[in-house]
Amino acid sequence: MVNKRLIVFYDGWCHFCIKAMENIKRIDHLNLIQFESFRDADVVKKYQLNTEQAEKRMLSKKNNREDVYEGFDSFLLISLRVPVLWLLLPFLFLAKILGIGQIAYDFIAKRRQISVTGHCDHRCSITKNKTDI
């Protein structure tokens, strides 16, 4: 199973990204996905990440591989490792074949809110959990 692991580099300054990562962690019953914030300088150095690329799209690497996947391809790799998401696979593969997967991903990614302070402001679209208050 170790060779099936995926390292996903998400934006630790993006509340939408953090919430998505937490939701995926919750359903990753096979524990095949490791999440790392590319906003951590040690993570960037350890995995030799291109931060400009990571700021535009979520990045991922298969365990012990040099290839870097981004955006829609990262989401597809996540979906392959989480059985609950397998129902989406036919649609995801179709979106990839038709070339609309990355377009849809980029549309969403360009509209996310970044908060350097780590707190939502009035524009944040993610509601806080009761434990966050």
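The protein chain has a mean pLDDT (the predictor's confidence in each residue, from 0 to 100) of 87, and 83% of its residues reach 70 or more. Over residues 119-133 the pLDDT is below 50, and beyond near neighbours in sequence this stretch has eleven contacts in the model (contact means heavy atoms within 4.5 Å). Where pLDDT is low, the predicted coordinates should not be read in detail.

This is a predicted model, in which local features need pLDDT of at least 70, side-chain atom pairs count only at pLDDT 80 or more, and totals for chains, interfaces and linings use all residues. Residues are numbered from 1 along each chain as its sequence is written, and side-chain values use heavy atoms, with hydrogens and water left out.

**Strand pairing**
- Strand 1 (residues 6-10) pairs with strand 2 in the parallel sense over five bridges; strands (E, at least two residues) and helices (H or I, at least four) are DSSP runs numbered from the N terminus, and two strands pair if DSSP finds at least two bridges between them.
- Strand 1 also pairs with strand 3 (residues 59-62), in the antiparallel sense over four bridges.
- I7 stands opposite Q34 in strand 2 and opposite K61 in strand 3.
- Strand 3 and strand 4 (residues 68-70) are antiparallel, with three bridges, and K61 stands opposite V68 in strand 4.

**Faces of strand 2**
- In a regular strand the side chains alternate between the two faces of the sheet.
- In strand 2 (residues 33-37), I33, F35 and S37 point to one face and are buried (under 20% relative accessible area, 1.4 Å probe, protein chains only).

Note on methods. Buried means under 20% relative accessible area, exposed over 50%, partly exposed in between (1.4 Å probe, protein chains only).
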